[in-house]
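Q: Could you take me through the reading of strands, sheets and packing helices in a model of this kind?

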Amino acid sequence: MPSRRHIITVTSSISSFALFVFILVVLGLRYTARGSGADVASPPSLPEENNIFSGYGEAKSRCPSEAPWLNQIRIDRPFQYARRDIILRPNRDLARKSVTKLDEALFPDFQDISEGDNHLASSTCLEPLRLEVPAWPETYPDASHVIFGLSTSMARLEDSLVYFQRWMSFTKARVIIVVTGEADIMPKHSDMRDLERRMRQMGMHVTLVRPMEEGMPMEMRYFSLVKVLMEHRDGRTEWAVFMDDDTFFPSMREFINTLNDYDASKLVYLGAISEEWWAVARYSFMGFGGAGVLLSVPLLELVDRHYQDCIDQSGAGAGDMRIYECIRWYSDTGLQHVNGLFQIDLHGDRSGLFESGRKIVSLHHWKEGWWDEGQLGTPRPGHATWFPMDRMNVVADVCAECFLQRWQFGDDLVLSNGYTIATYPNGALSKFERHRGLEKVEETWIKPGVIKGANNPGWDHYLGVMRPPLELEHEKIQYRFLDAWKVDGGVRQFYHHFGVNGSLDTVMELFWIREENWKVGKTP
Ligand SMILES: *[C@@H]1O[C@H](CO)[C@@H](O)[C@H](O)[C@H]1NC(C)=O
């Protein structure tokens, strides 16, 4: 659908998490050959201890006097710095809220961190913050009844490995990827098998296949996923998911929970319309591809039966459109729009959505729109412009559905977990609070295409009535996500703000840990 921009860069970095998973898997693996391709390894079994957080150790100290980990972030010194430990307690009766208000401050006073000095003043240590969150599961979700299909190039897939790994690994979701080589030629068989093997070693249950024909245009490769998924489904498959290579699922568990609301034995077509009314008016009430298009197996079979007829009749230049047409032509099944699946037809600054507290079950277009000023993020493919979803989302491993969940501290600070900490000086927050401010989405991005005569100014049908954007640095100061990694039994997370008009940069650190892993000695 509209605007699919693709950026390809290559670096050889691998996150420490990837490395850890890799080592676990290599140690624990049993390979067995499969039917047709004798050189195809079966997907790796799960790590023996089926606990996402096994093996990370535990917190070492409270109010540390040194923060050697600050050497790992790439911010020029001196900078202003504050940190806080957050101890998470599971509560079965608690549902995820869009925003939770707390009366206390999140951070103690800031201190300056200068060159070669990681000393922390004890006066800048606050007692850990104790937060209740919905109870978290101890095991990986089981997505073995879902088969995902996408089409991409070998090079783009290679660059996406750490991102795919984040949502896909160890979930038993089966993923079939139609891959092309350079300039759309057929990829070499040995290259495919090598990449497939590496992905399986990272815990992804993937199978790489070639396009059905050489030189197939993109929309046809997409539509051919119907055949590909039919062929690769097995007795357990209930749902087929068509996705783009820049679709991301922040929580496989949430995705599965969403599917559980529907009856996969019926003809069911799920997906999301665009957030932009202009795009809906132009393309129809259809499942926009980037958000993920979901067909129950009976519906997949129906489209498969009419596969050639639909190809013959269609002139559509987009694959998701072809799926929609075929379903409409040969059944009475209409799209059921699923809130939480996001096509992200939003361009420019998407902060308004990521800071809205909405639960995001799928999101698209994360390979554009991020701005890594100064190239401060951890080197990885695309790090200048791709949302660092592989790191932003790490916190979900410690508190499940808390990714992008919001907590408001006092009158003027809002944490949107994994995206920003924002402060609202000069009473900006109370200014729009009167109009249910924080429940509304801030329209931070580029204006929508206009449909003449429509009552809907652009986003109302999906995002609701918007609130106008605040002026950055004056009404809203964003401390943007910088990095996160797993260590000492929890997740260390950093946010950063560039100093304005000669003031120092600021770094904020949150260390998220579950109560059961918080076993530190006495305060020094
Ligand atoms: C930075 O300086 C410019 C020029 O004096 C001024 O217009 C702007 O408001 C200042 N920004 C902040 C955040 O103070």
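The dialogue below goes from the whole chain to one strand and then to a sheet with its helices.

Q: What should I know about the model before reading it?
A: This is a predicted model, in which local features need pLDDT of at least 70 and side-chain atom pairs count only at pLDDT 80 or more, while totals for chains, interfaces and linings use all residues. Residues are numbered from 1 along each chain as its sequence is written, and side-chain values use heavy atoms, with hydrogens and water left out.

Q: How many helices and strands does the protein chain have, and how are they defined?
A: Helices (H or I, at least four residues) and strands (E, at least two) are DSSP runs, numbered from the N terminus. The secondary structure of the protein chain comprises 16 helices and 19 strands.

Q: What share of the residues of the protein chain counts as buried?
A: Buried means under 20% relative accessible area, with a 1.4 Å probe and protein chains only; by that criterion, 60% of the 524 residues in the protein chain are buried.

Q: How do I read the two faces of a strand, taking S18 as the case?
A: In a regular strand the side chains alternate between the two faces of the sheet. In S18 (residues 490–497), eight of the eight residues are buried: Gly490, Arg492, Phe494 and His496 lie on one side, and Val491, Gln493, Tyr495 and His497 on the other.

Q: Which strands pair with S18, and in what sense?
A: Two strands pair if DSSP finds at least two bridges between them. S18 pairs in the antiparallel sense with S17 (residues 477–487) over seven bridges, and with S19 (residues 505–514), also antiparallel, over eight bridges. Val487 stands opposite Gly490 in S18, whereas Arg492 stands opposite Phe511 in S19. S17 and S18 form a hairpin with two residues between them, and Asp488 in the turn has a positive phi of about 50°.

Q: Where are the edges of the seven-stranded open sheet?
A: The seven strands follow the order S7-S6-S5-S8-S11-S10-S12, with mixed pairing. S7 (205–209) and S12 (336–337) stand at the edges, each with a single partner strand, so one side of each has no neighbour in the sheet. Within this order, S10 (residues 269–271) and S11 (residues 293–296) run antiparallel and are joined by two bridges, with Tyr269 opposite Leu295 in S11.

Q: Which strands does helix H4 lie across, and at what angle does H4 run to S7?
A: Axes are lines fitted to C-alpha atoms, for helices over the stretch in contact (heavy atoms within 4.5 Å), and angles run from 0 to 180 degrees between N-to-C directions. Helix H4 (residues 189–201) lies across S6 (174–180) and S7, running at about 170° to S7.

Note on methods: Buried < 20%, exposed > 50% of the residue type's maximum accessible area, 1.4 Å probe, protein only.
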